[in-house]
Structures are given as structure tokens and as C-alpha cells.
Amino acid sequence: TKRSQEIHLRTNYYCAACRVFFRGITKVIACCNLPFIRTNNKTNKPQYKMMSSILKVTSVCLLAIATASAFTPVTNKCNVMPQTRQTTALDMGKKISVVCNDSIADMLTRIRNAQLVHHQVVRIPATKMNVAIAQILKDEGYVEDFEAFEEQNIKFILATLKYTDDKKPVIKKIQRISKPGLKVYAGAQDLPKVLDDLGIAIISTSQGVMTNLKARELNIGGEILAELW
């Protein structure tokens, strides 16, 4: 099995490391002429009586440690970390774990990275906020279209990115403004103007998620989620 192969490989690795270590120690001790190396007066050859005993005891101890380490299961340290939201998805035939503390920032980063490599579509974990933002991007002409689908009981958004005729992304810059650790709010009179209203700001208001232009018309303020142009 895979587990037995792993144990076999790790045991061989530790044993090979121990052999290399003992050979090096033997050469160093022989070169330094340490006190516990005795010389036979008849044959004039070194006798490693005391050294041999020490190495044997040390080898038994290290071999026991190596065997115990080989049979110790490998644990995933990432499971110990606190997770705000954890989902699993099937990606390239492997079941992976996706941890996201800020779904909005994750969505914007996925779009930004997909545009850098000129991908046509990008897959985004679906939340109510992400769906609302995707709808705004579609209505304002920043993405071609998007659709929601479910895979392995997990909901995703598949957004089709938009490019110009010379294959340049329509979205020049997209950035997160309000963050979980630092919320940014603005009143109806203080809503931002992005590039003199050539770009948009996405605002979360009491009447839903909308652009700064629509929020200014309704005379309501809210949290500034992101800006893009």
C-alpha cells in the first residue's frame, strides 16, 4: 500500500543517513588520534575498542529513533490553523481544501490573476456577496457574463472575462477598499468618484449592493467594498 511504501522509503533514508554519519565520525576520530584509540604495538595498527562500543550503542539508539519516525504518521499542520470558511473542490482530479478569510478579496484576486494570463473564464467560490458583485460587473460591462454551477455540493461562479480588440483586459485596475480588519464607510454626500466617474465603486448599502452612481441617486451611503476602472 501507499503507507507501507512511505514507511519503507523513510526507513531506508534514515539507515543510509546513519551509515554516512558513522563513516564520517570514524574518519574524524582516526585522524584526530583521540585518547580512546589504542595502537597495537606488535602490528602498529589502531584498535577501536572503546570507539566501537560507543558507535554500536549510538547506532542502536539512532536506529530506534529512525524506526519510530518512519512509523509516525505525517500530519497536516494547516488543519490546526483557525479557518473562517473552508470548502473542498475537485481540481484536476484531486480533492483540495480551499480556505478563504475574505471572499471579496479572493474574488478580486482571482479576476486580476486570470486577466494577467489572458484566461477567458475564471472560477470563483459563490457567496451572496460575490454573486451580487458579479452581477454589477456584468451590468456595467466589465465582464461578458457569469453563471452559477455546483460541483461536489459546492457552489461556484464561472465568470467570462472581457477583453478589447487588441486583447487587453477591460478592467485596468480592481482593488479592495474596505477590509475585515479596517472597514471603510462613506455617507451619501461623501461617496467616492473613481476617475471622475469613469470608473465605479461597489457599495454595500441597506438596500443591497450597488455602484456609487446608483447610491448617489438614491442618496444613501454604505461600506465601500471595492473600486475598479
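I began with burial: I call a residue buried under 20% relative accessible area, exposed over 50%, and partly exposed in between, with a 1.4 Å probe and protein chains only. The model is predicted, so I kept to its cut-offs: local features need pLDDT of at least 70, side-chain atom pairs count only at pLDDT 80 or more, and totals for chains, interfaces and linings use all residues. Residues are numbered from 1 along each chain as its sequence is written, and side-chain values use heavy atoms, with hydrogens and water left out.

**Entry 1. Ala114**

I looked up Ala114 and found it in helix H3, residues 103–116. Helices (H or I, at least four residues) and strands (E, at least two) are DSSP runs, numbered from the N terminus. Is Ala114 buried or exposed? Its relative accessible area is 6%, so Ala114 counts as buried. I then listed its contacts, meaning heavy atoms within 4.5 Å. Leaving aside neighbours within four places in sequence, Ala114 meets His119, Val122, Leu161 and Tyr163. I also checked Pro169, 55 residues away along the chain: its C-alpha atom lies 9.9 Å from that of Ala114.

**Entry 2. The sheet**

Which strands form the open sheet, and in what order? I read 3 strands, ordered E5-E7-E6, with antiparallel pairing. E5 and E6 are the edge strands; each has a single partner, so one side of each has no neighbour in the sheet. On average, neighbouring strands are turned by 25 degrees against each other, direction ignored. For pairing I required at least two DSSP bridges between two strands. E5 and E7 have 5 bridges. E6 and E7 have 8 bridges. Two opposite pairs went into the notes. Val122 faces Ala159 in E7. Ala148 stands opposite Ile157 in E7.

**Entry 3. Helices on the sheet**

I turned to the sheet's helices next. Axes are lines fitted to C-alpha atoms, for helices over the stretch in contact, and angles run from 0 to 180 degrees between N-to-C directions. H3 packs on the sheet, touching E5 and E7, and its direction makes about 165 degrees with that of E5. H4 also packs there, touching E5, E6 and E7; its direction makes about 155 degrees with that of E6.

I checked the length of H4. Buried in H4 are Asn130, Ile133, Ala134, Ile136 and Leu137. They cover an arc of only 160 degrees around the axis, so they sit on the same side of H4. I took the arc from the directions between the helix axis and the C-beta atoms. The face turned away from the buried side carries the exposed Lys128 and Asp139.

**Entry 4. The cores**

A nonpolar core here is a set of buried Ala, Val, Leu, Ile, Met, Phe, Trp, Tyr and Cys residues joined through side-chain atoms within 4.5 Å. The largest has 25 residues; Met107, Ile111, Val122, Leu137, Leu161 and Leu228 touch the most other members. Elements giving two or more residues include H3, strand E5 (121–125), helix H4 (128–139), strand E6 (143–151) and strand E7 (154–161). H3 gives the most, with 5 residues. Apart from this core lies another, of 9 residues, among them Leu191, Ala201, Ile203 and Met210.

I listed the contacts of Val122 too: Arg110, Ile111, Ala114, Ile157, Leu158, Ala159 and Leu161, not counting residues up to four places away in sequence.

I looked at Thr211 in strand E11, residues 208–211. Thr211 is buried, at 7% relative accessibility.

**Entry 5. Positive phi**

Most residues other than glycine have a negative phi. Which residue in the hairpin of E6 and E7 takes a positive phi? I found Gln152, near 55 degrees, in a hairpin with 2 residues between the strands. Lys167 also has a positive phi, about 65 degrees, and is not a glycine. Lys167 is in the loop between E7 and strand E8 (174–176). At 64% relative accessibility, Lys167 is exposed. Last, I noted Gly141, which follows H4 and has a positive phi near 85 degrees.
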